[in-house]
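Please open the structure in a viewer and keep a selection tool at hand.

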Amino acid sequence: MPKSFFHVHRNDVFEEDVEGIDLASPEQAREEAIPAAREIVAVLICAGHPADRDVFEIMAEDATLVAIVPFQSVLS
């Protein structure tokens, strides 16, 4: 099963996902990103930090960009 990597862009900071997760398809990676982003946003809000510009950059094992998921898009 191929790996997907969920890198986070938070303002000017890039947090690289070096472990990745085994997922069957790019669609499944996007589906996994939504609840993960919601969880991160909840933690940030509880800590008093904004998450309005944070995004997941989902990359395939071959470094192909699969999707960009803005954290703000998962709130509705």
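Helices here are DSSP runs of H or I with at least four residues, strands are runs of E with at least two, and both are numbered from the N terminus. With that in mind, select Cys 46, which lies in helix α1. The model on display is a predicted one. Is Cys 46 buried or exposed? Cys 46 has a relative accessibility of 74% and counts as exposed, because exposed means over 50%.

**The whole chain**

Next, display the entire protein as a cartoon. Along the principal axes, the C-alpha atoms fill a box of roughly 40 × 25 × 15 Å.

Switch to a surface view. The protein exposes about 4,900 Å², of which carbon and sulfur atoms supply 55%. Of the 76 residues, 30% are buried. Among contacts between residues at least 6 apart in sequence, 45% join residues at least 24 apart.

**The charged side chains**

Colour the side chains by charge. There are 5 positive and 15 negative ones, and the centres of the two sets lie 6 Å apart. Side chains of opposite charge can pair when their charged atoms come close. How many salt bridges does the count give? The count comes to three.

Begin with Lys 3 and Asp 22, whose side chains form a salt bridge with an N to O distance of 3.6 Å. This pair links distant parts of the chain, as Lys 3 belongs to strand β1 (residues 3-10) and Asp 22 to strand β3 (residues 21-22), 19 residues apart. Lys 3 is partly exposed, with a relative accessible area of 28%, and Asp 22 is also partly exposed, at 41%.

Move on to Arg 10 and select Glu 15 with it. Their side chains meet in a salt bridge at 2.7 Å, N to O. Glu 15 counts as partly exposed, at 36% relative accessibility.

A salt bridge joins the side chains of Arg 10 and Asp 54 at 3.1 Å, N to O. This pair also links distant parts of the chain: Arg 10 is in strand β1, whereas Asp 54 is in the loop between α1 (26-46) and β4 (55-60), 44 residues away. Is Asp 54 buried or exposed? Asp 54 has 2% relative accessibility and is buried, because buried means under 20%. Through shared partners, the salt bridges join Arg 10, Glu 15 and Asp 54 into one network.

**Two loop residues**

Most residues other than glycine have a negative phi. Select Asn 11, in the loop between β1 and β2 (13-15). Asn 11 is not a glycine, yet its phi is positive, at about 55°. With 49% relative accessibility, Asn 11 counts as partly exposed.

Finally, select Ala 63, in the loop between β4 and β5 (65-70). Ala 63 likewise has a positive phi, of about 70°, although it is not a glycine. Its relative accessible area is 53%, and Ala 63 is therefore exposed, since exposed means over 50%.

Definitions and conventions: Residues numbered from 1 in each chain as written. Predicted model: local features only at pLDDT ≥ 70, side-chain atom pairs only at ≥ 80, totals over all residues. Heavy atoms only, no water. Salt bridge = Lys/Arg side-chain N within 4 Å of Asp/Glu carboxyl O. Buried < 20%, exposed > 50% of the residue type's maximum accessible area, 1.4 Å probe, protein only. Contact = heavy atoms within 4.5 Å. Areas by Shrake-Rupley, 256 points an atom, 1.4 Å probe, with all protein chains shown as cover. Lys, Arg positive; Asp, Glu negative; His and termini not counted. Charge placed at Lys NZ, Arg CZ, Asp CG, Glu CD.
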